[in-house]
Amino acid sequence: MPVLRSGVRKGRAGAKPRQQQQQPQPQEQTPVQAQTPVVEVEAIATRTRRRRAAAAAAAVVPKDNNKQEQKQQKQQAVVNEKVAVPEKEKEAEEEEEARAGGGQGGGGAADKKVEVGEKQMDDVDSGARSQDKANAGEDDGNAAPLPEKVQVGGSPLYKLERKLGKGGFGQVYVGRRISGANLSERTGPLAVEVALKLEHRTSKGCNYGPPHEWQVYNTLGGSHGVPQVHYKGRQGDYYIMVMDMLGPSLWDVWNNNNHNMSTEMVACIAIEAISILEKMHSRGYVHGDVKPENFLLGPPGTPDEKKLFLVDLGLATKWRDSTTGSHVEYDQRPDVFRGTVRYASVHAHLGRTGSRRDDLESLAYTLIFLLRGRLPWQGYQGENKGFLVSRKKMGTSPDLLCSFCPQPFRQFVEHVVSLKFDEEPNYAKYVSLFDGIVGPNPDIRPLNTEGAQKLIGHKRGRLAMEEDDDEQARKKIRMGLPATQWISIYNARRPMKQRYHYNVSDQRLSQHIEKGIEDGLFISSVASAQNLWAIIMDAGTGFTSQVHQVSPHFLHKEWIMEQWEKNYYISAVAGAVNGSSLVVMSKGTQYLQQSYKVSDSFPFKWINKKWREGFYVTAMATSACRWGVVMSRGAGFSDQVVELDFLYPSEGIHKRWDSGYRITATAATLDQAAFVLSVPRRKPMDETQETLRTSAFPSTHVKEKWAKNLYIASICYGRTVS
């Protein structure tokens, strides 16, 4: 029997317009060399209606955005022509062991380009690739010389000594106090040794003045598990913070102990780290880069040497609006990655807005790393590293990840990876998981867990995990098994005639299409499974004429351009695993201009660029692991978003429905599923939309939907979850 998964949304609220986010200017990169093993190319073709002089009928006119010139062109007495316009995108990103900002978690490898207009493209498009950490803008080679002595914000005078480390948003040095009395003070604002964090004024973190981290420390500094900032200010070209000097990081402790750490120690780290995160979250912030390197012990030989601290708040963001107190709104931008690839949550890889669940998922990976010494996704290299790591994370079950680990670690992983975007974590329950490992006497624990006892001791107790078994089974967002299924989308329409055909071979395709056209039907959606085609034909398309082609190439550029010349626009596309494609082009569409791209990863950066130019996604398809996306001007939408996932983004789709979006295009590979959701300019009378996931083509279910005046609006075959 088919597996039925259906979501329904009726009477949604009006959507809020998308706020445009500023993107950093991409850097230019030299053409790919011949010996490069992976050639990156991009397939973009653009078609537009323009008038031009009859004498220039054979010329290819480059795209010109000057409105006055376009107006003059339209005033000339000439014939219509469709022009193939070459577009160059010179986008490249540096790949470094630095963090945050602009990687792409879900899309993976840089786009493999094919053709643009009438010439081969040589420029490399980064394809919004994922990085270990994105470059934060620090460049030691070009930065001003570091000051030998530091004095900021009324602080004592410090001499800059040895370097402690370098983060994505600055460098940290030992500062030795050389002014004032009492040179034996070890802690506090008059400590002899302090940590000096210097960030150059031209770094990304200082685009708008003092670093964002300063504001976070103003709110969190000195609270449980966060070091105190005693002074801060600008000296020369550097913004400088004077902070408490701390001891080794958890990574240092693990590394210096032959890559080993006791179960009791890791359990103590879990208890105290959870309490630190709870305190940070209670003040409205998520850390955004939880990992062993950012957890430090107190200074050796002091009363704090067994205390745990969480540092490096450069990526901290608010999960709660400080004015209204409400949770920040959900969004997904697959070209944005924040964090460190090894420990980042899957949601961070996919570009979703950070929330409390992401810190806890990163903590889970940190604990397993310290306990086992390795994570299953370590070792991936190359430009598609982020994609491979995130896919491996999504495909690794808690049982497999926590094999040979005590049961509480598996339970913790299961809970945190199943948290919803705005769900409040049960910190007390998470702490109680590890009580049985660390023992009842806090005084003999290898790590001070006083903070956890003070913060949540009164509400911990011995919580039985069985209490929430039903709830956990109900909301296992990522616990389902990956599956390959049909995904069909249904919209409420006035009664009309609709017809479907599936398991159609190349040879029988034209026969079915011609019969449908004779009956007054046009193709509205196409898909492919097992190298056979599925076509949906109905009487509600508004098309006046239609042509199609099955090609051994994925989106045959020459044929598409030929049809553009005849006033046809792409209205539906599908790709088969064997590399072939079915392209349907129609007359009678509302489109004014059209562009498409073929790439080896989901091309969100290109989509985002075209959005800013007034285009919207109107069709999508995949062929094996390749993506083909068609975007059009005049599509009739006022806003558009993308949901991309390695399984099925149920939570994201429902949140988009609640904001007034409706699914308008779908496509899936064997690894990922993508859904484009749009806000129509003309609001339909009945906004009901349902989704269905079935192991076989949903022929029986389609008839049931028809009885309720629900008609197939989009269909594809690929990765979902059972």
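Which residues of the largest nonpolar core touch the most other members? I started my notebook there.

**Ground rules.** I am working with a predicted model, where local features need pLDDT of at least 70 and side-chain atom pairs count only at pLDDT 80 or more, while totals for chains, interfaces and linings use all residues. Residues are numbered from 1 along each chain as its sequence is written, and side-chain values use heavy atoms, with hydrogens and water left out.

**Core.** I looked up nonpolar cores, meaning sets of buried Ala, Val, Leu, Ile, Met, Phe, Trp, Tyr and Cys residues joined through side-chain atoms within 4.5 Å. Buried is under 20% relative accessible area, with a 1.4 Å probe and protein chains only. The largest core has 96 residues, and Ile269, Leu308, Leu363, Leu367, Phe412, Phe434 and Phe675 touch the most other members. Helix H4 (residues 263-282) gives the most to this core, with 12 residues. Helices here are DSSP runs of H or I, at least four residues, and strands are runs of E, at least two, numbered from the N terminus. Apart from that core I found another, of 22 residues, including Tyr591 and Met620.

**Helix H7.** Eight of the 11 residues of H7 (residues 385-395) are buried, so this helix is largely enclosed by the rest of the structure. Phe387, Leu388 and Met394 are among the buried ones. I see the buried residues of H7 packing against helix H5 (346-349), helix H6 (356-372) and strand S24 (637-645), with contact taken as heavy atoms within 4.5 Å.

**Val721.** I found Val721 in strand S28 (residues 710-721). Val721 is buried, at a relative accessible area of 10%. Its C-alpha atom is separated by 8.8 Å from that of Arg693, 28 residues apart along the chain.

Conventions:
Buried means under 20% relative accessible area, exposed over 50%, partly exposed in between (1.4 Å probe, protein chains only).
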